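Look through the sequence and the structure before reading on.

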Amino acid sequence: SPWRLFLSPLLPFGLALYAFKIWDRTRLKQFSQMLLIGRRVSPEKFARYLESHADLVVGKNVYPQLLARVAEEKAGGYRHVMATASYRLYVEAIAKRLGFDDVIATNLATNSEGHVLAKIDGHNCYDAAKLELVKSWMMANLAAESKKKKKKVLFVSLEMPEERMTLRIHTMLSHKIDPKNVFGNIFNNGN
């Protein structure tokens, strides 16, 4: 609802609590989400917002070269996976419009009535948690990829801190990778 914008002056309060290490990143993220959508929102109302948000993001923030590159890589047999700390509900519609095959992201909780809550379900897909989610995805999907004869997986991470992990955009040839030690293989091969 547009009236929720009047709550935006409360955001610096949350940022201060985070800066003074009273809140962690997850708590700040949930607080920001609560300001944006409220404590809960119906899935129908949320879905309408998500589609218009994805149209806006892709329409204003995506260079045509990206769409051409994704199409070219798809034709070359690549599978595109977006890994982001953003909420899955937001980025799935964007990833679909960009031609991505899978999304690894932060999940929002829902209640028994299906309402979306301003609460993270599981871990915030950031830093070490993102690495674990990417590893889990790879363990679950690389074997299936080899059966489908798709040989290449392209991971795109939107906000991995470079000092903690150098996985920004890596091309992986699944037939050359041991899924149990995939990150060792990536970093040692310099990909």
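Accessible areas come from the Shrake-Rupley method with a 1.4 Å probe, and for residues only the protein chains shown count as cover. By this method the protein chain exposes about 11,500 Å², with 57% of that area supplied by carbon and sulfur atoms. The model is predicted, so local features need pLDDT of at least 70 and side-chain atom pairs pLDDT 80 or more, while totals for chains, interfaces and linings use all residues. Residues are numbered from 1 along each chain as its sequence is written, and side-chain values use heavy atoms, without hydrogens and water.

The protein chain has seven helices and six strands, counted as DSSP runs (helices H or I, at least four residues; strands E, at least two) numbered from the N terminus. Of its 191 residues, 40% are buried (under 20% relative accessible area; exposed is over 50%, partly exposed in between).

The structure holds seven aromatic pairs. Rings of Phe, Tyr and Trp (its six-membered ring) pair if their centres lie within 6.5 Å; planes under 30 degrees apart are stacked, over 60 edge-to-face and the rest tilted. The rings of F46 and Y49 are 6.2 Å apart between centres with planes at 40 degrees, so this pair is tilted. Both residues belong to helix α3 (residues 43–61), three residues apart. Y87 and Y90 also form a tilted pair, at 6.1 Å and 45 degrees. Ring pairs join F46, Y49, Y87 and Y90 into a cluster.

| Residue | Relative accessibility | Class |
|---|---|---|
| F46 | 4% | buried |
| Y49 | 33% | partly exposed |
| Y87 | 5% | buried |
| Y90 | 9% | buried |

Key: Buried < 20%, exposed > 50% of the residue type's maximum accessible area, 1.4 Å probe, protein only.
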